[in-house]
Amino acid sequence: MTFLELNAVFLGVAALAWAAAWAAGRIPRGAPAAVGISIAALFVLTAVFDNVMIASGLFDYGGDTLAGMRIGLAPIEDFAYPLGSAALLSGLWMLSGPRRGEAG
């Protein structure tokens, strides 16, 4: 299994959480913007710290499982993890709360 296939599964689960929250009417008005800001911040942190860790030799990736695109030294696949985690956690959080307009 390549990292892209693994990322597709992870991002698919996150998309399902958001779809379920949308179908249940549980996405608050400012949630997409807040999640977008969180994802942008996580992308910057990922770019900085992954490049530092790879440059210092803390870890490396097997080349045959990567797509080949990189941001600095960090493979593009690394950026799916902050995207998926922010989307999945926020989707699950919205599903656990009250519907929009309900007291909770």
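1. The buried residues of α2 (buried: under 20% relative accessible area, 1.4 Å probe, protein chains only) pack against α1, β1 (70-71), β2 (74-75) and α3, contact being heavy atoms within 4.5 Å. These residues are A31, V35, I39, T46, D50, N51 and I54. Helices (H or I, at least four residues) and strands (E, at least two) are DSSP runs, numbered from the N terminus.

2. This is a predicted model, in which local features need pLDDT of at least 70, side-chain atom pairs count only at pLDDT 80 or more, and totals for chains, interfaces and linings use all residues. Residues are numbered from 1 along each chain as its sequence is written, and side-chain values use heavy atoms, with hydrogens and water left out.

3. The end C-alpha atoms of α2 are 36 Å apart, which agrees with the 36 Å that its 25 residues should span at 1.5 Å a residue; the expected span is 1.5 Å times one less than the number of residues. Just after α2, G57 takes a positive phi of about 85°.

4. In α3, the buried residues include A86, A87, L88 and M94, as well as P82 and G84. The buried residues of α3 pack against α1 and α2.

Notes: Buried < 20%, exposed > 50% of the residue type's maximum accessible area, 1.4 Å probe, protein only.
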